[in-house]
Amino acid sequence: MLLRVQSPEGMRRVDVDNSMVTRDLIEKVLNAFGATGNSFVLHCNRDKSKEIVSSDTKTLTSYGLKHGDMIFLSSATGAFQHVEQPTGNSKAKNGVSTASVAVSMPTTSSISGSKIPIRSNVEEDHVDALLQKMDGTVKRKRDPKNCLHGNNSSCIHCLPLEPYDASYLKDLNVKHMSFNAYLRKLSSGLDGGKYANLDNISCRIKPGCTGHPPWPKGVCSKCQPKAITLNSQPYRHIDNVVFENPNLVEQFLHFWRVTGRQRIGFLYGRYDIHLDVPLGIKGIVAAIYEPPQESTRDSVRLSPDPRQSLVDRLAAKLGLACIGWIFTDLVAEDVSKGTVRHFRNAETHFLSAQECIMAGHQQSLHPNPCRFSSDGYFGSKFVTLCVTGDAQNQVHIEGYQVSNQCQALVRDECLVPTKDAPELAYARQSTAEVYIPDVYYKVSLQFIHDWMKKKCSFAVLL
């Protein structure tokens with residue numbers, strides 16, 4: 001009899017017998033698709049409710065398969081499993097073959113419909129694994145005015161929206177899509193993201209180039225890092241930060257209220273799904289650790305901390321990790337009213353260059369594990385929280401992350417803060433010891449056109 005096999009790559013037909021065991025069927029499907037190294041699962045139904053298990057005793061008749069029936073092939077999540085021919089030492093348990101199984105790294109993403117290649121076998125955060133299994137689309141109800149169809153149909157007015165839909169995110173007042181929504185956008189084209197590239201930015205000369213003397217005597221296009229043009233990053237790795245207990249912030253602010261000096265602390269917590277943003281992630285802060293530091297009314301200097309490793313091990317025992325850092329920048333305005341000065345805004349700056357450099361340094365120390373990058377990591381979920389005064393002169397907390405570009409520039413020691421303008425950072429010049437790539441930024445002039453300018457000092461891109 002003839003069976004049809006439906007898969008994301010198309011449909012194939014295989015000739016089988018009613019008495020054929022399922023292990024032989026899987027081998028025929030493997031040969032029909034030429035998938036010598038692809039992991040797949042067969043199901044009798046489209047909704048994947050009845051899986052066809054590889055067995056030496058179960059026949060196709062036991063699954064109710066008849067001539068002309070269609071079975072469904074889908075990629076298996078997790079490690080690749082290839083069923084080999086049973087040897088004399090292999091035994092059957094409950095009718096299922098226990099032949100040796102070869103395990104290797106999967107070659108495609110576990111995201112539904114995605115072909116983004118997996119380049120490393122790193123273990124991702126649990127929240128990322130959960131989000132990759134989710135559908136992610138934004139469900140919409142039937143519009144009684146525009147939808148002219150029945151309850152069991154849909155149209156352009158009620159079809160689910162993709163998690164990266166620009167108009168929907170604008171209505172939510174979300175400036176940056178979540179990172180997992182960005183992955184869905186990469187895989188939304190005709191190629192399914194097969195050529196998507198999540199490579200980390202490097203500002204260093206590639207070592208091992210033998211075609212010329214080492215820097216500063218020589219450099220070529222193969223080893224020279226590319227010039228960097230600052231762009232707004234369309235996605236963010238973390239979408240929200242919450243505190244388990246408001247007393248955590250009150251205890252942290254107690255030091256400033258008593259002494260008037262600023263304070264720095266590290267946030268320990270975990271990540272969870274953020275339901276207010278499509279495929280979003282939120283950080284849940286469970287504790288604030290205040291390391292040894294020397295502080296004044298306008299500066300903080302961290303001291304060496306011999307207990308840092310002990311704190312990290314203790315947090316890991318509790319299922320927590322360092323997910324960010326928090327600092328105060330508070331100046332009392334009216335002590336009797338409890339108000340503070342408001343000086344961080346669009347007219348001045350939200351984060352100073354020194355704070356951005358500190359944020360970039362901490363993000364590099366806490367990279368985001370990612371299977372789609374050959375380095376095993378991409379970007380960072382590490383957040384920066386600033387406690388300062390808002391427009392109503394009340395104590396307020398704002399959260400930030402610097403872009404992957406800024407993180408790379410800080411990691412490779414390309415940026416230094418300026419002395420007279422806290423909102424500007426300075427790109428170092430190349431020396432005989434180190435090569436610094438050119439850094440560009442775009443300035444949009446109204447009624448004219450975009451100018452491309454090379455400049456040494458520039459506003460740090462958040």
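Colleague: In which loop is alanine 432 found?

Modeller: Alanine 432 is found in the loop between strand 24 (424-427) and strand 25 (439-444), where strands are DSSP runs of E of at least two residues and helices are runs of H or I of at least four, numbered from the N terminus. Please keep in mind that this is a predicted model, in which local features need pLDDT of at least 70 and side-chain atom pairs count only at pLDDT 80 or more, whereas totals for chains, interfaces and linings use all residues. Residues are numbered from 1 along each chain as its sequence is written, and side-chain values use heavy atoms, with hydrogens and water left out.

Colleague: Why does alanine 432 count as partly exposed?

Modeller: Buried means under 20% relative accessible area, exposed means over 50%, and partly exposed is in between (1.4 Å probe, protein chains only). Alanine 432 has 46% relative accessibility, so it counts as partly exposed.

Colleague: Which residues does alanine 432 touch, not counting those up to four places away in sequence?

Modeller: Alanine 432 touches Trp215 and Pro216, contact being heavy atoms within 4.5 Å. The C-alpha atoms of alanine 432 and tryptophan 215 are separated by 7.2 Å, although these residues are 217 residues apart along the chain.

Colleague: Why is the pair of phenylalanine 179 and phenylalanine 378 called stacked?

Modeller: Rings of Phe, Tyr and Trp (its six-membered ring) pair if their centres lie within 6.5 Å, and planes under 30 degrees apart count as stacked, over 60 as edge-to-face and the rest as tilted. By this rule the count comes to seven aromatic pairs. For phenylalanine 179 and phenylalanine 378, the ring centres are 5.9 Å apart and the planes lie at 25°, so this pair is stacked. Phenylalanine 179 lies in helix 4 (residues 179-186) and phenylalanine 378 in the loop between helix 7 and strand 21 (383-389), so the pair ties together parts that are 199 residues apart in sequence.

Colleague: Are phenylalanine 179 and phenylalanine 378 buried or exposed?

Modeller: Phenylalanine 179 is buried, because its relative accessible area is 7%, and phenylalanine 378 counts as buried at 6%. Both belong to one aromatic cluster, formed by Phe179, Tyr182, Tyr235 and Phe378.

Colleague: What makes arginine 263 lie over the face of phenylalanine 255?

Modeller: A charge sits over a ring if NZ of Lys or CZ of Arg is within 6 Å of the ring centre and within 35 degrees of the ring normal. Arginine 263 lies at 4.4 Å from the ring centre of phenylalanine 255.
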